[in-house]
Amino acid sequence: MTLSRFVTGLTLSAYNLLWKAAVPLTRNHKRLKEGYDQRTLMENRLTPSDIWIHAASAGEAYIAAELVAELSGPEAPSILISTHTRQGLEVLEKRLADIEAPRATACYAPFDAPSLMDKAFQQVAPRLLVLVELELWPGMLAAAKKHGTAIAIINGRLTPSSFKGYARAKGLLAPLAPDFISAISPEDAQRLSRLFPSTPVEVIPNIKFDRIPSLDEPAAPVPSLFPGAEARTIYLLASVREEEEDAVADMCREILARDKSALIAWFPRHMERVEPLCRALEARHLAPAKRSCCRSMDAATSLIVWDRFGEMGGAFPCARAAFVGGSFADLGGQNMLEPLAAGLIPVMGPSYSNFAWVGDDLRDAGLLILCTTTGEAAEHLVRLAREPRGDNKILKRFESLIATRRGGTAATCKHLTRLAGL
């Protein structure tokens, strides 16, 4: 046994003890208490599968569903998809039903305690473990290695700051190295190669581009999402994170001061923020209404906090302007491709490092507006909302930019079938 493997083994033993102490404390955790029995394997939702795909949350779940759709057919492999969040599980259950994938199942991921993961891999016995984007869970990786399961990281991205953190544990990670990595950019590939020098790394287009439908025409609005709001100017605030709520509230106040017809639809990134967010907005005298309680969006309503998961995509075509969250705090930004697919130029704060792989090009093409202050963001949003809507200029520019970046799903699945021996 090499020194590196010995040290990694000792670290995993200590890691397992920490999990044993921590697991009972998670029963009342605001996110982890949902699916607790699945996470601890007391409720067994694991099924023997050829491929185990791990998708941390909703964003990764959409990518996992693309992989399942691409692999579907008469000889489709059996696939288990795990996730950490309720939103991720809801995405998976809906998408798997939509694409009619009877050989694919979804569940909460077990806690990463090595002893739990060992039991999980005994039950699933996958040929291949697929980690979407970059989720390096030591217990899961160690169990895969123990049971002879090939490991692939797909749609991989690694920011410079994250690389610095992982690099400190490079020696511990070496015995857990994956067998293949696909990276979404040459820069990400370089960082991932430095982290795992013995692993083949290939640059493959981001699968998120394949999720964007044909852009010949904007998607049809869903009127039922905004009943009674025909005369209103709808501003959509997408995936707002807790850390930036105060700043975004200031932006809302400025939008309402500039546009008396404004109807602001605030979509929190995490549903558990709905209640505390509403209380905070009430304290600021912004009078929020929850979507589930709002039957008509007439002039008496100016700010709606969305408490229905999964409706944001259908709301973009109804909006006249869109802000994308995770950007007015140092969080790296959320997905700015969704509003563009509906013909809206997204407005963001200064933080968008999670999407630098496309954000830089969008900015240079005039398809992304970055702001340093909430006042600047409000000014741009109101300006965009007043511009005519209905032509395809934005969509055509966006389509031109992404036309050569599709095909990541098919290219990735070729590697997955090879690694799984299918």
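Strands S1 and S4 (residues 128–132) pair in the parallel sense, with four bridges between them. The model is predicted.

**Strand S1 and its partners**
- In the pairing with S4, isoleucine 51 has leucine 128 as its bridge partner.
- S1 also pairs with strand S2 (residues 79–83), again in the parallel sense and over four bridges.
- On the S2 side, leucine 80 is the bridge partner of tryptophan 52.
- A right-handed β-α-β unit is formed by S1, helix H3 (residues 58–71) and S2.
- Side chains in a regular strand alternate between the two faces of the sheet.
- In S1 (residues 51–54), Ile51 and Ile53 lie on one side and Trp52 and His54 on the other. These four residues are all buried, and both faces of the strand are covered.

**Nonpolar surface patch**
- Phe6, Val7, Leu10 and Leu172 make a nonpolar surface patch of about 330 Å².
- Helix H1 (residues 3–22) supplies the largest share of this patch, with three residues.
- Leucine 172 belongs to helix H8 (residues 170–173).
- The relative accessible area of leucine 172 is 30%, so this residue counts as partly exposed.

**Loop leucine**
- Leucine 344 sits in the loop between helix H13 (337–341) and strand S13 (346–348).
- Leucine 344 is buried because its relative accessible area is 3%, and the cut-off for buried is under 20%.
- From leucine 344 to serine 49, the C-alpha to C-alpha distance is 41 Å, and the two are 295 residues apart in sequence.

Note on methods:
Residues numbered from 1 in each chain as written. Predicted model: local features only at pLDDT ≥ 70, side-chain atom pairs only at ≥ 80, totals over all residues. Heavy atoms only, no water. Buried < 20%, exposed > 50% of the residue type's maximum accessible area, 1.4 Å probe, protein only. Helix = DSSP H or I, 4+ residues; strand = E, 2+ residues; numbered from the N terminus. Pairing = 2+ DSSP bridges. Right-handed = clockwise from strand over helix to strand, strands pointing away. Patch = residues over 30% accessible without salt bridge, like charges linked within 9 Å, V, L, I, M, F, W, Y side chains within 5 Å. Areas by Shrake-Rupley, 256 points an atom, 1.4 Å probe, with all protein chains shown as cover. Salt bridge = Lys/Arg side-chain N within 4 Å of Asp/Glu carboxyl O.
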